[in-house]
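Dear colleague,

Please find the structure below, handed over for your review. My notes on what was found follow it.

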Amino acid sequence: MSLEKQLRDYKKIREISPRENEILETVRKSGEAFFASEQDKVLSYHEFLWLQLKVVRKRWWVLQLILLFVLGGVLLAAQEDKYIQRSMGVAATLFVILIIPEFWKNRSCRALEVEAVSFYSLRQIYAARMMLFGIADTFLLTLFCGSVSFSLGVAFKELLVQFLFPLCVTACICFGTLCSRHILQEAVAVGLCILWSGVWLLIILNEHIYTNITLPVWAFLWGLALVSLFAALYRVLAGCNKYWEVSLDGIEI
Amino acid sequence: MELKFDNLTKEFGNFTAVDHLNLTMTKGVYGLLGVNGAGKTTLMRMLCTLLKPTEGRITCDGKDIFEMDGEYRKVLGYLPQDFGFYPEFTVKDYLLYISTLKGIPPAAARKRVKDMILKVGLSKAANKKMKKLSGGMKRRVGIAQAMLNNPKILVLDEPTAGLDPNERIRFRNLISELSEERLVLLSTHIVSDIEYIANEIWLMKDGKLMHKGRAEELIHSMEENVWECFVEKDLVSSFVKRYKISNMKSEMGGVTLRIISREKPFENAVQAEPTLEDVFLYYFGEKAGDGNGAV
Amino acid sequence: MVRFELKKVFSRFKNKMAVVILCVLMIVVSLLTMNRVYYTDENGNHTSGMQAAKSLREEKNQWRGYVTDKVLKKVLKEREEIYQTKEVLSEENTKEQDKAYAKTQGISSIVEMINTAFSPWRDYDGFAIDRISPEEAARVYERRISNLKEWLDSGEEYFPEGQKEFLIRQYETLETPFYYEYYEGWSALLQNISTFLLMLALIIGFLVSGIFSDEFVTKADSIFFSTKAGRNRAIVSKIKAGFFIVTGFYVVFVMLYTFIVLFALGMEGAGCPIQWDMWRSVYHVTFFEGYLFIVAGGYVGTLFASALAMIVSAAVHSTAAAVIMPFMVLCAFPFLSRIITLPGMCSFFPDQLLDIYNSLKESVLVEIGGKVMDTAGVILPVYLFASGVLFPVLYLIYKRAEVK
């Protein structure tokens, strides 16, 4: 008798009745083994980043997109330079103000302490948010500047001076407030950004100042603003674990 | 697992919040008792690496916790006194979010969240938004998030604030169960929370450790006795000025006072069995008429 | 209670800093305003600021008085004598031209008036005066009216009959001759005050934005609303505090700014008609009256924006959302009107209250109930009324607030 025939006959003689309890026990134990091994693993940074992306409220990017659309409309319809300049300045401030709620979320919800003590602490959380907003906003701004440059013929110099420069300075103010030693409220950041908008309007409406600044000077100022922005970003990451060093006991200003 | 405070000091300008503490902690429950401003929260924040010591160090198995960075926080669970949360998240979403921050992979996170929700008794409220929870339920979520990563070191600052008596008993049992395998530091004003479960109780005042030991040891360390007596209402104010009063109960015709004093304060006073609350008052209490004495 | 509400506002570090920043801005804007006045000395060198104002005042006040046809002829002759020298006529010799200009600074405004009168309607020809005779120059006031009629008849811009009649009537009834003296202080003040008022409005909005939301932010809401006065008198105190902050800060800082500028540049010229600076203005007001109109408009705009900020603060319990409200109303919405093709609508937006200067200069007319008027004259009382209505609404919103 061949081996195969023997096995077939053996199968027919022997009836295997599955024992449900044992099966369930096996399932349970394999589940436990799986979770035990999962528990020992650490969430990778790109998975953490992805989960941060899911947590960030997308409404702010939608509002930024709408704002850029509206600004595009203004550039298309407005005829007087004064209104174009003013609109771009205001839009630049609003664009940055729209990121403030997301960066201040953990402060306004008083969740700083719990987050600071986690494995992926405040530094990684802020870095993740900066990266996500940086990528999204750079994409939106590139798209916007490219579109208005090609379709509306707006000169790059105008965009640099009227839009990107005030935007950069507003971002400096926003992150400068975030990296402050004191826990400053959202309203302070918004207020300072609005104040800057007022100062900017003062500059552009005052021809004696505005017309005397040449393109190289604007480029230098923009470069300075960009460097200050990166410095502020660095300070946010370097100083985010020092909020409790202030003896105000976390009282918000 | 051994945590050591080595000459630990924290100063804010001219103010010394923690003053040259030297302590060692291993597995078990440590209760931290003290009045407001004693330095309990500052100590806990240093333990959780939120504050850097001005002097001294904290080591975990010989390694400085600040140098360990993420590796230390991986084994740490913390519930702060002022526990904040994202109001729009549901309980489940919030705990899953905290799991992300604690570096727990998604599959394990889902199981842990489910287990913790069950453990703290929030199964029915798992899909409720955080802002809709009562104070006690929020606190329970706070406890759950502290334990998500199965921490070896659990630091709880006023964890039972807002919990009803049933919940407090439940919490006590939970901590007892957990402490077999981990180190738990618990700060509270509610003496009964730690009286029965703490392996060691630390009494802290003005940044210094005044006394430490088991509850019975602290009770026996009292150099004064506890007396109960029934007095007329108009005599109460004079007693309050002369002695530390741990309890006052108004009854028909008078007031029953529980007094801490070396000698018998009143002719009908009866010596009573001291409790940990009496110890608290003994070390931290003041008589009315003192500068900061409560009326 | 009002005192405590004010104390709550000014005990916060951020609000104290806002006041400091406001003071700094006021000084900066004052300096920028002062530098608007220029003077060229006899050597052709330019100066600006207080010294320039002093020198210019001396020059211009030599011609102080009513600018009659006799004066106009004299001005023309004087200018001709100065500009007819060989050196001045040489276009390459800018220094000589500057020196010649220096001699005519006393009559520069009159020369400009003549040039404007003899230029195309929305254009300016700086050499028109060279092509006219003294007799023509003497008819500058009639020229203003005839230019208007020509332009209205040209059809370049459409005006309904009622508005045409209104414009012509306003032009014909303007009192002439104009009174002339040094007015540069007032001119500089009016030109820059709108920007200062905008920043003042934004900062005042920032100061009041926390009055109604701070209770919720600091978790003092349960105590506040459970007290006896928590849902009536205490709310009135908050509204009063908000009103006092708006009014107090506005009045004090506008007065300070005005005083600094006029102290430096001179207060003369308050009684001169604004047509010296705004030739086409339909308003029969002097510089001082125009200033009052601008300041009144700014106050109503600030009050309205601040009331909105307080309402948002009370409704949403968020200071940040309240802070952004004045900014949206006074800065952001205006540029929406550039893309929403309803040009008439944008004249009624509240931001126009902080831009009364431009309304004085180039009026947008509207006809209501058969009566033609400038939109500035409409929006001022309307928004004042609206602000008045917002306060009871604010009271009701806060009274019904729930502590969840």
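The buried residues of helix 5 of chain B are covered by, among others, helix 2 (20-40) of chain A and helix 4 (91-101) and helix 6 (135-147) of chain B. Here helices (H or I, at least four residues) are DSSP runs numbered from the N terminus, and a residue is buried if 20 or more other C-beta atoms, placed from the backbone, lie within 10 Å of its own. This is a predicted model, in which local features need pLDDT of at least 70 and side-chain atom pairs pLDDT 80 or more, while totals for chains, interfaces and linings use all residues. Residues are numbered from 1 along each chain as its sequence is written, with chains lettered from A and ligands numbered from 1 in the order in which they are written.

The buried residues of helix 5 of chain B are Ala108(B), Ala109(B), Arg112(B), Val113(B), Met116(B) and Ile117(B). They line one face of the helix, because they fall within an arc of 160° seen down its axis (the arc of the directions from the helix axis to the C-beta atoms).

Val120(B) is in the loop between helix 5 and helix 6 of chain B. Val120(B) counts as buried because it has 24 C-beta neighbours inside 10 Å. Leaving aside residues up to four places away in sequence, Val120(B) touches Arg140(B), Ile143(B) and Ala144(B) (contact: C-beta atoms, placed from the backbone, within 7 Å).

Between the chains, 24 residues of chain A are in contact with 31 residues of chain B. Helix 7 of chain A gives the largest share of chain A's side, four residues.

With kind regards

How values were computed
A residue is buried if 20 or more other C-beta atoms lie within 10 Å of its own, exposed if 12 or fewer, and partly exposed in between; C-beta atoms are placed from the backbone. Helices (H or I, at least four residues) and strands (E, at least two) are DSSP runs, numbered from the N terminus. Two residues are in contact if their C-beta atoms, placed from the backbone, lie within 7 Å.
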